[in-house]
Amino acid sequence: MADHDLLDSPFDLDAYRARLGHTAEVRPDADTLRALHLAHIRTIPFENLDALGGTVPSLAAEDLAAKLLGGRRGGYCYEHNTLFALALEAAGYGVTRLTARVVLGAERFTSRPRTHMALLVRIPGEAEPYLADVGFGASTGLLHPLPLVAGAEAEAAGRRHRLVHAPHPGPLDLWVLEAYDAGKGEWQAQYAFTVEPFVHADFEMVNFYIAASPRSPFSRRLYALRTAADRHLVLDDRRLTVTAADGTATTRELADEAEARTVLAEDFGITAPEGMTLLKPRVAGEGS
């Protein structure tokens, strides 16, 4: 059963498209999938304000629509990809919800738990499904869906990605999404996944852990990320990094809570809830 079947009313695809500024005809084809994927990433920011404020984000479709479509807010991977899955299903695509291990910088893939959500999207009439992911947030995230074919490689707006297989002891193929690091001249693994389906109840469990566990970075410090056509922005606590399309980056420290609220509103399109503390207290001797 698709998640939107749990609602009393169907998913409002028109409201979703209005939020993205998508005005083209909607057909369950590759062009529409790419257009919606890119528009979602460039419109709805990544942020963890609910978890930072001690609230577990709701993954109910009506709550996601109110927050990500009706409010000046974003969300993290479970929110983004759940919303995107509902929109795609309403548009006529087949969607399988996947879990992945974020393995960037890991020596062993199995050292990381499955804490990321991604999507496998089937287009009617096409043999191969696509990996779609509007919730990774990082500057190495997919801008366009990638065919689930070993060795498949794609480039969009300067980002190169490919899918490869990696050995593991399980019965299913282990897929690895890699991004090309031009500075280092090498491919780097981003996350690893298998294609067995996960359901809403599975994501409710992992969503609770990521939002509420004191070991989770999302419950301890502010993260906001936004991908624009000409730059990528990351706010990690009080450190704001802006990376231009040519790869040059500038970083500065935010002075205080007031500046953090202004930056979130003006640069990320996020209105932070009133009364919540956004920044960690400075450690003695830290900063200027």
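**The hairpin and beyond**

Guide: Start at the hairpin of β6 and β7: 2 residues sit between the strands, and A157 there takes a positive phi near 50 degrees. This is a predicted model, where local features need pLDDT of at least 70, side-chain atom pairs count only at pLDDT 80 or more, and totals for chains, interfaces and linings use all residues. Residues are numbered from 1 along each chain as its sequence is written, and side-chain values use heavy atoms, with hydrogens and water left out.

Visitor: Why point out a positive phi?

Guide: Because most residues other than glycine have a negative phi. A157 is not a glycine, yet its phi is positive.

Visitor: Is A157 buried or exposed?

Guide: Exposed, with a relative accessible area of 60%. Buried means under 20% relative accessible area, exposed over 50%, partly exposed in between (1.4 Å probe, protein chains only).

Visitor: How about D237, buried or exposed?

Guide: D237 counts as buried, at 9% relative accessibility. Its phi is positive too, about 55 degrees, although D237 is not a glycine. D237 is in the loop between β11 (231-236) and β12 (239-244).

Visitor: Back to β6 and β7. How many bridges do they have?

Guide: β6 (residues 153-156) and β7 (residues 159-166) pair antiparallel over 4 bridges. Two strands pair if DSSP finds at least two bridges between them. E155 has R160 in β7 as its bridge partner.

Visitor: What else does β7 join?

Guide: Strand β8 (residues 174-181), through 6 bridges, again running antiparallel. V164 has V176 in β8 as its bridge partner.

Visitor: Helices now. At what angle do α1 and α2 cross?

Guide: Roughly 60 degrees, and the axes of α1 (residues 13-20) and α2 (residues 30-43) come within 9 Å. Axes are lines fitted to C-alpha atoms, for helices over the stretch in contact, and angles run from 0 to 180 degrees between N-to-C directions. That makes α1 oblique to α2. Angles under 35 degrees count as roughly parallel, over 145 as roughly antiparallel, 65 to 115 as roughly perpendicular and the rest as oblique.

Visitor: Which residues of α1 make the contact?

Guide: Y16, R19 and L20, against L36, A39, H40 and T43 of α2. Contact means heavy atoms within 4.5 Å.

Visitor: And H37, buried or exposed?

Guide: H37 is buried, with a relative accessible area of 0%. H37 lies in α2.
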